[in-house]
Amino acid sequence: MTRTVQSPTDHVVVVGAGLAGLATALHLLGAGRRVTVVERDPTPGGRAGRLDLPGKGQHADRGFHLDTGPTVITMPELIEEALAAVGEKLGDRLELVDLHPAYHARFADGSAIDVHTDPGAMEQEIRDKVSAADAEGYRRLRAWLTQLYQVQMATFIDANFDSPLDVLSPDLARLGTLGGFGRLGPKIGKFLGDERLKRIFSFQALYAGVPPAKALAAYAVIAYMDTIAGVSFPKGGVRALPQALADAAADAGAEFRYGTTVTGLERSGGRVRALRTVPTDDPTADGDRIVADAVVLSVDLPAAHALLGRAPKRAVPLRWSPSAFVWHAGVPAGTGLGHHTISFGDAWAGTFDEILHRGRLMSDPSLLITHPTATDPSLAPDGHELVSVLAPCPNTEVAPLDWERVGPRYRDELRGVLAGRGFSLGEPVVQHTITPADWSAQGLAAGTPFSAAHTFAQTGPFRSGNLVRGEGNVVLAGCGTTPGVGVPTVLVSGKLAAQRITG
C-alpha cells in the first residue's frame with residue numbers, strides 16, 4: 001500500500017502556483033480539503049510564465065503578450081482531469097486551438113517536412129517528401145509509440161513509488177519486450193531510414209536532458225505526446241492555462257496569497273505546523289504565519305531542500321538538464337511562419353556534446369521557432385507578430401558563462417543564422433532575451449528551466465521522491481520530482497502529490 005501523510009490533513013498549504021501546485025490544489029479541493037496557495041509572484045504560472053512588453057508609437061496602448069515558458073499544450077485530458085476534480089469542464093475555462101500541422105521541420109539542405117498528428121496526413125507527407133518505405137516505417141513507429149505510452153502511463157508515469165520494487169509488474173516486462181530499455185536513437189532507426197525523420201521523432205529527448213543516442217527508448221513517450229496525441233494552443237497564450245486552473249481553484253474555495261514568499265517552516269512533533277512568510281516585494285516587512293496540517297512544496301528542488309534545511313542523500317549528485325537561451329521579438333507582420341518551426345542545423349551528435357559536456361554554445365544550432373500570433377493574433381498589436389527563438393545551451397554548472405556579455409552577442413548571432421537559413425523576421429519593434437543567468441535569478445537550479453535530467457538514475461522510482469522522509473506531513477510536487485519534466489507530467493505530479501495526502 002502506498003505511503004501517505006497521516007492525519008490530520010484538513011488544511012493544506014501549497015507553496016507555489018505553478019502548474020503542479022495548481023493541479024495539487026484542485027485535486028485536494030475535490031477531496032474536501034481546505035487549501036491555501038502561497039505564490040511569490042503576483043500571478044500564477046511558475047515556469048509557465050508571462051511577460052508583457054509595451055507597444056510603440058500608435059500601438060503604445062496595445063502591447064506584446066509573451067509566454068516565457070511552455071509554448072503549446074499536449075494531452076489536454078490531464079487538464080480536464082484536474083478541473084473535473086472540482087466539477088469544472090475544460091471548455092468552460094479554456095479555449096484550445098488544435099495545431100495542424102504540429103510542427104514545420106526545416107533542414108540544412110533546404111528541405112522541409114510538416115509534422116502531422118493525423119496518421120493519414122503524416123503518412124502521405126512522408127510518402128511525398130521522403131519515401132514509401134519510410135511511410136510504412138512511420139505506420140509501424142506510430143503503433144509502437146502508442147503501445148509504449150499505454151504501457152508506461154498507468155504504471156510508470158501516473159503512479160507513486162515508495163521503492164524501486166514497486167515497478168516490478170507485468171508492464172515492466174512488456175516495456176522490456178517493446179525495447180524500452182534500449183537506446184532511443186537506434187530504436188527509432190529500426191523504423192525509419194531517413195535521417196531527417198529520425199531527428200523529428202527523437203529530438204524531444206534533449207528536453208529531458210539526455211541526447212537521443214543515449215536516452216532510454218522509453219522516452220519516445222515524449223514523441224508520442226507531441227506527434228500522436230496532438231498539440232494545441234490556448235487562446236490568450238499558454239498563460240491562460242495556469243490562470244484558468246487558478247480561477248477554478250479559487251471558485252472552489254482555495255485561498256491564494258500572491259506576492260508572498262515563504263521564508264521558513266515551523267516544526268514540532270515530527271510535523272510542520274506553520275509556514276513563515278513575507279511580502280515578496282518587501283522582505284524586510286513584518287511577516288505572517290500560516291498554520292497548516294500538511295504542506296506541499298511545489299518549488300524547484302533546491303528551494304524545497306533549503307526550506308526543509310536538508311537535501312536527501314544520493315550516491316550520485318543530481319545531474320541537471322541543459323538550459324535554453326530564448327529570444328522574444330515583436331516584429332512587423334509578414335514572417336510567413338507557422339506556429340512552430342524546428343530549424344535543424346547540419347550538425348547533430350556533435351551539437352549534444354557541445355552543450356552537455358563541452359560547455360559550448362552550438363556551433364551549428366538547431367532552433368525551435370515559435371510564432372504564437374499565427375494562432376492568436378491578439379497577442380500583438382495590429383500589423384505586428386510575436387516570434388520566439390529557443391536555442392538549447394549549456395546550463396550554468398557545465399558552463400558558467402558571462403551571459404550579460406555573451407547574451408546580446410549570441411542573440412545577434414542567432415538572428416544571422418536565421419537570416420542565412422531564409423527566415424525573414426524584419427527589424428524588431430521590441431525584444432527580450434532570457435538566458436541561463438536569468439533562470440538562475442528566478443531560483444532555478446543550474447540555470448535551467450528543465451530541472452533534473454531524466455537519466456536512468458533520475459527516472460521513475462529513482463527520481464527524487466515526492467514524500468519527504470523524516471517530515472510527517474510534507475510532500476513535493478513539480479518537475480524535479482516524480483514523474484518529471486513537461487506540462488503533462490507536472491500536472492500528473494500535482495495529482496500524485498494530492499494522493500499522498502488524501503490516500
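Is Thr9 buried or exposed, judged by its relative accessible area? Thr9 is buried, with a relative accessible area of 6%; buried means under 20% relative accessible area, exposed means over 50%, and partly exposed lies in between (1.4 Å probe, protein chains only). The legends below describe a predicted model, in which local features need pLDDT of at least 70, side-chain atom pairs count only at pLDDT 80 or more, and totals for chains, interfaces and linings use all residues. Residues are numbered from 1 along each chain as its sequence is written, and side-chain values use heavy atoms, with hydrogens and water left out.

**View 1. Thr9 and the residues that it touches.** Thr9 is located in the segment before strand 1 (11–15). Helices (H or I, at least four residues) and strands (E, at least two) are DSSP runs, numbered from the N terminus. Leaving aside residues up to four places away in sequence, Thr9 touches Arg33, Asp293, Ala294 and Ile501, where contact means heavy atoms within 4.5 Å. With Arg33, the side chain of Thr9 makes a side-chain polar contact of 3.1 Å. A polar contact is a pair of N or O atoms within 3.5 Å; within protein, one must be able to donate a hydrogen and the other to accept it, and residues adjacent in sequence count only if both atoms are side-chain atoms.

**View 2. The buried face of helix 4.** Met122, Glu123, Glu125 and Ile126 are the buried residues of helix 4 (residues 119–129). Seen down the helix axis, these residues fall within an arc of 160°, so they line one face of helix 4; the arc is that of the directions from the helix axis to the C-beta atoms. Among the elements that cover them are strand 8 (112–115), helix 5 (132–157) and helix 8 (195–200). At the start of helix 4, the backbone nitrogen of Gly120 has a side-chain oxygen of Asp118 within 3.2 Å.

View 3. A salt bridge is a side-chain nitrogen of Lys or Arg within 4 Å of a carboxyl oxygen of Asp or Glu, and the whole structure holds 24 of them. One joins the side chains of Arg127 and Glu123 (3.0 Å, N to O). An α-helix has 3.6 residues a turn, so residues three or four places apart point the same way. Glu123 is buried at 18% relative accessible area, whereas Arg127 is partly exposed at 35% relative accessibility. A network of salt bridges links Glu123, Arg127, Glu136 and Arg139.

**View 4. The salt bridge between Asp158 and Lys495.** The closest N and O atoms of this pair are 2.7 Å apart. Asp158 lies in the loop between helix 5 and helix 6 (170–177), and Lys495 in helix 15 (residues 487–502), so the pair ties together parts that are 337 residues apart in sequence. Lys495 is buried, with a relative accessible area of 9%, while Asp158 is partly exposed at 23% relative accessibility.

**View 5. The salt bridge between Glu471 and Arg267.** Here the closest N and O atoms are 3.0 Å apart. Glu471 is in the loop between helix 14 (436–441) and strand 20 (474–476), and Arg267 is in strand 11 (residues 260–268), so the bridge ties together parts 204 residues apart in sequence. Glu471 is buried at 8% relative accessible area, and Arg267 is partly exposed at 39% relative accessibility.

**View 6. An open sheet of three strands in the order 11-12-13.** The pairing is antiparallel; two strands pair if DSSP finds at least two bridges between them. Strand 11 and strand 13 (288–291) are the edge strands, each pairing on one side only. Four bridges join strand 12 (residues 271–279) to strand 13 in the antiparallel sense, and Leu275 has Ile290 of strand 13 as its bridge partner.

View 7. Leu301, Ala304, His305, Leu307 and Leu308 are buried in helix 11 (residues 301–308). Gly309 follows helix 11 and has a positive phi, near 85°.
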